[in-house]
Amino acid sequence: IPNNFNSRLEIVELNLIIILWYMKTVDLKKSELKLIINFFIEDLEYLLRESGESESRVPKKIRNLVENFYGRLVSYSKEFDKITKSKGEKLELNLINNFNSNKVKYSFVEEYIKKNVKYFQKLKKSDFISLNFDFVF
């Protein structure tokens, strides 16, 4: 995976989407999902400001990044559901569209995602809830 802003953001989003997908599948409170998403958005905003983006451009960039994130959340979540049901997912097509780089070894990323989705599928809700995420909030 190339070492650039978009690729790093894509990896962070993929991992966050796996977690949010899991939280949705085990019916955790929507307020908890929103809390994590809001934290992510605030962190993106901070990152843009920290990287020297002008104050006037930050809101527009955040809006674009958030719209892209929600689109990815929907499309990847559908593919994760297909993975759990062993129904012909098109995960690699999503990866190709989102990374848009010939330097990415998509088969490795796809395998990583599938392993994590299957891991989370087996994870008990009580085990997830008992994780300590207090450092985040």
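Predicted model: local features only at pLDDT ≥ 70, side-chain atom pairs only at ≥ 80, totals over all residues.
**Entry 1: helices α4 and α5**

I started with the pair formed by helix α4, residues 91–99, and helix α5, residues 106–122. I found that their axes come within 10 Å and cross at roughly 120°. Angles of 65 to 115 degrees would count as roughly perpendicular and those over 145 as roughly antiparallel. I therefore put down α4 and α5 as oblique to each other. I noted the crossing as right-handed.

Next I looked up which residues make the contact. On the α4 side I listed Leu 91, Glu 92, Leu 95, Ile 96 and Phe 99. On the α5 side I listed Tyr 106, Val 109, Glu 110, Ile 113 and Lys 114. Sorted by class, the contact of α4 with α5 holds seven nonpolar residues, three charged ones and no polar ones.

**Entry 2: aromatic pairs**

I then turned to the rings. With ring centres required to lie within 6.5 Å, the count comes to eight aromatic pairs. I looked at two of them in detail.

For Tyr 22 and Phe 120, I have ring centres 5.4 Å apart and planes at 55°. Tyr 22 belongs to helix α1, residues 5–25, and Phe 120 to helix α5. The pair therefore ties together parts that are 98 residues apart in sequence.

Are these two residues buried or exposed? I checked Tyr 22 and found a relative accessibility of 1%, so Tyr 22 counts as buried. Phe 120 comes out at 12% and also counts as buried, as the limit for buried is under 20%.

For Phe 69 and Tyr 70, the ring centres are 5.7 Å apart. Their planes stand at 65°, so I recorded the pair as edge-to-face.

**Entry 3: Glu 10**

Last, I looked up Glu 10, which is found in helix α1. Its relative accessible area is 3%, so I wrote Glu 10 down as buried. What does Glu 10 touch, leaving out residues up to four places away in sequence? I found Arg 72, Tyr 76, Asn 98 and Phe 99. Phe 99 had already come up in Entry 1, on the α4 side of the contact with α5.

Key. Residues numbered from 1 in each chain as written. Heavy atoms only, no water. Axes fitted to C-alpha atoms, helices over the stretch in contact; angles between N-to-C directions. Helix = DSSP H or I, 4+ residues; strand = E, 2+ residues; numbered from the N terminus. Parallel < 35°, antiparallel > 145°, perpendicular 65-115°, else oblique. Left-handed = near helix turned anticlockwise from the far one by under 90°. Contact = heavy atoms within 4.5 Å. Nonpolar A, V, L, I, M, F, W, Y, C, P; charged D, E, K, R; others polar. Phe/Tyr/Trp six-rings, centres within 6.5 Å; stacked < 30°, edge-to-face > 60°. Buried < 20%, exposed > 50% of the residue type's maximum accessible area, 1.4 Å probe, protein only.
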